[in-house]
Protein chains: 2
Amino acid sequence: MFESAQIGHHIDKDTFDAAVPALREALLDAQYELKQQSRLPVIILINGIEGAGKGETVKLLNEWMDPRLIDVLTFDQQTDEELARPPAWRYWRALPPKGRMGVFFGNWYSQMLQGRVHGQFKDAVLDQAIAGAERLEQMLCDEGALIIKFWFHLSKKQMKARLKTLRDDPLHSWRISPLDWQQSQTYDRFVRFGERVLRRTSRDYAPWHVIEGADPHYRSLAVGQILLESMQAALAVDPKAKHKGNVAPLGRSIDDLNLINALDLSQRLDKKDYEQQLVSEQARLAGLLRHKHMRKHALVAVFEGNDAAGKGGAIRRVAAALDPRQYRIVPIAAPTEEERAQPYLWRFWRHVPARGKFTIFDRSWYGRVLVERVEGFCTPADWMRAYGEINDFEEQLSNAGVVVVKFWLAIDQQTQLERFEEREQIPFKRYKITEDDWRNREKWDVYTEAVGDMVDRTSTEIAPWTLVEANDKRWARVKVLRTINEALEAAFAKHKK
Amino acid sequence: MFESAQIGHHIDKDTFDAAVPALREALLDAQYELKQQSRLPVIILINGIEGAGKGETVKLLNEWMDPRLIDVLTFDQQTDEELARPPAWRYWRALPPKGRMGVFFGNWYSQMLQGRVHGQFKDAVLDQAIAGAERLEQMLCDEGALIIKFWFHLSKKQMKARLKTLRDDPLHSWRISPLDWQQSQTYDRFVRFGERVLRRTSRDYAPWHVIEGADPHYRSLAVGQILLESMQAALAVDPKAKHKGNVAPLGRSIDDLNLINALDLSQRLDKKDYEQQLVSEQARLAGLLRHKHMRKHALVAVFEGNDAAGKGGAIRRVAAALDPRQYRIVPIAAPTEEERAQPYLWRFWRHVPARGKFTIFDRSWYGRVLVERVEGFCTPADWMRAYGEINDFEEQLSNAGVVVVKFWLAIDQQTQLERFEEREQIPFKRYKITEDDWRNREKWDVYTEAVGDMVDRTSTEIAPWTLVEANDKRWARVKVLRTINEALEAAFAKHKK
């Protein structure tokens, strides 16, 4: 894997000087085209052997190109805000928007390699991290990002020589990293695990480029050339021609039975039972959120459902149980301009709660497989891959201690009609009903099918869907509260073992 | 000041129950109107005596209104990301956008009161904090925000009784704050300094409302009513009719002499001197940014100037001196949707560097007193007040250890013409020239006047403007680098005393 990067690549100064002006101009052109199109972000990952010229190369790229369109990002020590959230949060918040370039030093690969080299975990955990990185990159590319991965390489002998030179040069001695690297043991392990990582994560959509780092002229020109060609290729793609791959059909129900129709919507609570149970579930929730185990968890509740199914009312009953300082309600409507310049899940990642906190999503990332699918706002390939991306997202939340509960509030068509009509008559409820609601109603069956597929594909042990019979609002509200409480208790129970 | 809030206000349950439904409905209406107009944010500050029902009232407001449009924010312990920036940064990042409400617990007032009550500083520092709060609120209101400030009050006797009840109630005992409060000494000091704060910060645009907290019915209804009336009044204002106050003219130059015309634009450097000085200033900058004192500072450089004056080139020479991981270049163009939903300075506050970091603004907050003034994008009242707001902003940066350097790159009309023509001919420079540039050129004199006013009103000891003679690019680049270096050295020198 690293053979070609140990054979002494070299470019002489004259050749270098002759090649640079045209390369610079072409890179600038590509950069402005990128800005102009504002259709895709460029993410450049910088990894490899210490002393192989990573920093110098990035510095040079910033000189060659317009640095105003480049963000160079480091990920050293996590801040306490980062430590309180899933590990990938720090990368999500740093993603460059469409039209810009982000250079990621110290990215997900460095983190997993450091951990493995220093024996913090074994191969199995490394492989999990590798698989996570693959899924992240696949998703970013599917969302239009151009990812370019550079591995700067040196043979052991080259590395030793290079570190020695750096150490002896007063202008550069500050750059030398921990002594650590001067021990060959670290080198061997780094290369060994590096190879494992590169082998598994070099994909057609985001290949690794191994660059021999010994000769500055060679490595600068090599990197510049790859960057240029990658950008040119990505910018030349006709965005409309994408997603031409096969989209496997999901299959349709061949009888009339489906999850939603199978619900017993006649379930109800009478007023007295409701008031009793509501108060007791609210008190239980308040207690759980104050429990000491909550400090190790966060809570995310997702509310989806038919229009007029009572999401707002259910959310208010949940909120009423709590000190408003503990929760935050995020209503999901059309994405903002900054959100549209990012991958689909970005606008949900930005609201991931810190440990100890509770975020309620009033509509959610499931919009992609519901309204966007049904209304054709995205391609079938987009919403089909969303199932997997969403499962990944929720798994990351869950791994970080976030308890995820998801509700589909279901009502029947007759109940919806009655509520729509009521809304049109009560003054302060009128804001709640729009033309869209009536239009959506006509697509009842298509929505029902989408809901069925959503539940089948994203109801998982770590983040199960709860279908809530919501013809009776009382029943629905109590069921929502009880479900949240049970999920929290189950999560807390694990601490006792 | 607190007399009316110690006389035992009371509302009986029947009156309360009768009043609530209409109040709720009106509050909901106001909330949706707020959302609909999306023209102003509502900021509610919650302060006062411990045990006076602050938390309960906010909880109730969240029940009465639609909690999906309210963000309740606490400001306890600062995170390390907050500690690395000016104190106000945490409030800026939490401001509600237009159309939403933010409830600020533990805001700037609690911070200053805690500090004074516990003797961390004396009245003079308290008064500085008070003046800072006033300026912040004045600015927020001028930018359209509705600020409502509640002080929940209890007499000493009421407070003692209330804390005792809370302590004895198992459902509430978790709420009791530090024992501290049960000592009368703290109460007396809190009330004394609270009065000082309220007296000085109750303004027509953001008055305090003192609420007696003993009776839940009274305090809830009182707060709800004030909130409703404040919102209704703010929503009824015709936005176009605002800023009708007097705008004092700045006065015009009565001869032809002005700062810009007085510059000696013939200054230049020959190639040899340039190369020598450039390299040496770049090395000096690189050294300074690695200096241990840099850990206590941050650096902000603002680049403004005539079109084609060479801002981009100067920025690149500064960047070329540095490791790209240390700096970030923020190009300022039209604000995004999320930025437009916030006060003017918000989009600059979000890029304030953490300690140890360097942010370069390619155009800046001075847009308001330059292009926005000249093109009429804001009212005279808006850009006139901007001078003061900007000085406040920069003073806050400076107080937090941020070194602020500001450059105006000046060229003459002939030089600009030559550069425009050159840009139109060189392929990879064409992106740099637009119709706007030619149009701006016709307003040369108006821009010159705006620049003069800007420098006169915002060049301060803590953040001086440097006028850079930029007909000769070499001269300009070296002067920029040298100025930054001198500013950093001056800041570092203070540590040696």
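Start by selecting Ala308(A), which is buried at a relative accessible area of 6% (buried means under 20% relative accessible area, exposed over 50% and partly exposed in between, with a 1.4 Å probe and protein chains only). Ala308(A) sits in the loop between strand E6 (298-305) and helix H11 (311-320) of chain A; helices (H or I, at least four residues) and strands (E, at least two) are DSSP runs, numbered from the N terminus. Check the backbone here: phi of Ala308(A) is near 70°, a positive value in a residue other than glycine. Most residues other than glycine have a negative phi.

A word on what you have open: this is a predicted model, in which local features need pLDDT of at least 70 and side-chain atom pairs count only at pLDDT 80 or more, while totals for chains, interfaces and linings use all residues. Residues are numbered from 1 along each chain as its sequence is written, chains are lettered from A and ligands numbered from 1 in the order in which they are written, and side-chain values use heavy atoms, with hydrogens and water left out.

For another positive phi, jump to Arg363(B), at about 70° and not a glycine either. Arg363(B) belongs to the loop between strand E8 (358-362) and helix H14 (371-375) of chain B. Arg363(B) is partly exposed, at 31% relative accessibility.

**Zoom out to chain A**

The C-alpha trace spans about 85 × 50 × 40 Å along its principal axes, and the secondary structure comes to 19 helices and ten strands. Of the 497 residues of chain A, 56% count as buried. Among contacts (heavy atoms within 4.5 Å) with a separation of 6 or more in chain A, 82% join residues 24 or more positions apart.

**Helix H5 of chain A**

Now select residues 108-117 of chain A. Eight of the ten residues of this helix, H5, are buried, so it is largely enclosed by the rest of the structure. Among the buried ones are Trp108(A), Tyr109(A), Met112(A) and Arg116(A). After H5(A) comes Gly119(A), whose phi is positive, near 70°.

Go to Ser220(A), in helix H9 (residues 216-236) of chain A. Is Ser220(A) buried or exposed? Ser220(A) counts as buried, at 8% relative accessibility. Leave out residues up to four places away in sequence, and Ser220(A) touches Phe16(A), Leu60(A) and Trp64(A).

Next, pick Ser266(A), in the loop between H9 and helix H10 (271-290) of chain A. The side chains of Ser266(A) and Asp264(A) make a polar contact of 2.5 Å; a polar contact is a pair of N or O atoms within 3.5 Å, where within protein one must be able to donate a hydrogen and the other to accept it, and residues adjacent in sequence count only if both atoms are side-chain atoms.

**Where the chains meet**

Bring both chains back and select Asp71(B), in strand E2 of chain B. Asp71(B) is buried, with a relative accessible area of 6%. A 2.9 Å polar contact links the side chains of Asp71(B) and Arg100(B). Beyond its neighbours within four places in sequence, Asp71(B) has contacts that include Arg328(A) and Met101(B).

Then find Arg328(B) and Asp71(A), whose side chains meet in a salt bridge at 3.2 Å, N to O (a salt bridge being a side-chain nitrogen of Lys or Arg within 4 Å of a carboxyl oxygen of Asp or Glu). How many salt bridges are there between chain B and chain A? The count is nine. Across this interface there are also 24 residue pairs in polar contact, both at pLDDT 80 or more.

For the whole interface, 50 residues of chain B are in contact with 50 residues of chain A. The two chains bury about 4,600 Å² between them, 53% of it on carbon and sulfur atoms; buried area is the accessible area (1.4 Å probe) that two parts lose on being put together, summed over both.

**Last stop: the cysteines**

The structure holds zero disulfides over all chains (a disulfide is a pair of cysteine sulfur atoms within 2.5 Å). Select Cys378(A): the nearest cysteine sulfur, that of Cys141(A), is 18 Å away. Cys378(A) is buried, at a relative accessible area of 11%.
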